[in-house]
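Subject: Structure for your review

Hello,

Here is the structure I said I would pass on.

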Number of protein chains: 2
Amino acid sequence: MTKRGEKMQAEILGLLRAAGGAQSAYDVLYALRVTHPKIAPPTVYNALSALTKAGRVHRVESLKAYIACQCDGAHHASVLSICDACGTVEEHLAPQLVKTLSGFVEETGFRPQRHVIEVHGTCSECEAGTDGH
Amino acid sequence: MTKRGEKMQAEILGLLRAAGGAQSAYDVLYALRVTHPKIAPPTVYNALSALTKAGRVHRVESLKAYIACQCDGAHHASVLSICDACGTVEEHLAPQLVKTLSGFVEETGFRPQRHVIEVHGTCSECEAGTDGH
DNA sequence: TCGTGTGATGTTACTTTATAACATAAAGCT
DNA sequence: AGCTTTATGTTATAAAGTAACATCACACGA
């Protein structure tokens, strides 16, 4: 376990945290190219993959995009609410719900390993006003 | 509302039903090219999109792939269990679970419109044996 | 300390997935 | 029928992701 990639990972994590919403891998790539002009896609994917494994970044499957983990640290299945109006993604911990879901599929003999729970809709701000965030 | 695309949609739906598991859009494309050599990606994506809107096909977000709706007909949020060993995707109706999930995000003022609930893991057959399906 | 092996990381080139923009054609209306 | 509207099909290209291999940092033994 070396440390070579950790700088890159930290930089990407910073970018994702600074960004308002979810960022595609290529959003990240182009942002990084400002300071590292020669960077290539696999470098970004490598780092994102490492960060994802470490539970510090989540891929938003239905957006093909990535967000910094908002609950920082521990591995956990989370519920993502995605505002289709302003793009904001909120992460929620819902251990009970995940447990219920696991129990549900286990009834058919299925052994669950990874949960993808994403809800699209409108966030309270966009629902309320025309501010468009 | 014309009928021009319905033949194509029916053909794609047939393919998806015949296929064992989830098919990528390009799997569908190449299958269609056997009989329609000149078909192009947007035709497939148009048809898949229409079928999806009609609730007859679901996109499996975490696989970038598509399956025929197994509950045929009505619009509904469903739970997909995806076997990472054999690729089988099962669709389950779980209105109560979807309701719980909706209630959960509504607590934050979010108005849910579309649910993506996918569980990766191992199906009972793959869990049991080495048959590999 | 220095060579050497090991495994993560970076690079090149490419594949897969998806869509913008425009051309075409079908159905409805008068 | 001729015109309007809107879905559909085509061309071309963009976006997302990865295989395969080269490179380099670190660990370990001599």
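A residue is called buried here if 20 or more other C-beta atoms lie within 10 Å of its own, exposed if 12 or fewer, and partly exposed in between. On that count, buried residues make up 28% of the 133 residues in chain A. Please keep in mind that this is a predicted model.

The chain

Chain A has 5 helices and 5 strands. Along the sequence they come in the order α-α-α-β-β-β-β-α-β-α. Taken along the principal axes, the C-alpha atoms of chain A fill a box of roughly 50 × 45 × 20 Å. Of the contacts in chain A between residues at least 6 apart in sequence, 50% join residues at least 24 apart.

Within the chain, β3(A) pairs with β5(A) in the parallel sense, over 5 bridges. One position to look up is Ile82(A), whose bridge partner in β5(A) is His120(A).

The contact between the chains

How many residues does each chain bring to the contact? Chain A gives 29 residues and chain B gives 29 residues. On the side of chain A that touches chain B, at least two residues each are supplied by β3 (78-83), α4 (95-106), β5 (111-122) and α5 (124-128). The largest share of that side comes from β5(A), with 12 residues. By type, the residues of this side of chain A divide into 12 nonpolar, 11 polar and 6 charged.

β5(A) also pairs across the contact: 11 bridges join β5(A) to strand β5 (residues 111-122) of chain B, and the two strands run antiparallel. Arg111(A) stands opposite Thr122(B) in β5(B), and Arg114(A) has His120(B) as its bridge partner in β5(B).

The same surface serves both copies, as 100% of the contact residues of chain A recur in chain B.

One backbone detail

Most residues other than glycine have a negative phi. Lys64(A) is not a glycine, yet its phi is positive, about 50 degrees. Where does Lys64(A) sit? Lys64(A) is in the loop between β1 (57-60) and β2 (65-68) of chain A. Lys64(A) counts as partly exposed because it has 13 C-beta neighbours inside 10 Å, and a residue is exposed only at 12 or fewer.

In chain B, Lys64(B) likewise has a positive phi, near 50 degrees, in a residue other than glycine. Lys64(B) is found in the loop between β1 (57-60) and β2 (65-68) of chain B. With 13 C-beta neighbours inside 10 Å, Lys64(B) also counts as partly exposed.

Regards

Methods
Residues numbered from 1 in each chain as written. Chains lettered and ligands numbered in written order. Predicted model: local features only at pLDDT ≥ 70, side-chain atom pairs only at ≥ 80, totals over all residues. Contact = placed C-beta atoms within 7 Å. Helix = DSSP H or I, 4+ residues; strand = E, 2+ residues; numbered from the N terminus. Nonpolar A, V, L, I, M, F, W, Y, C, P; charged D, E, K, R; others polar. Pairing = 2+ DSSP bridges.
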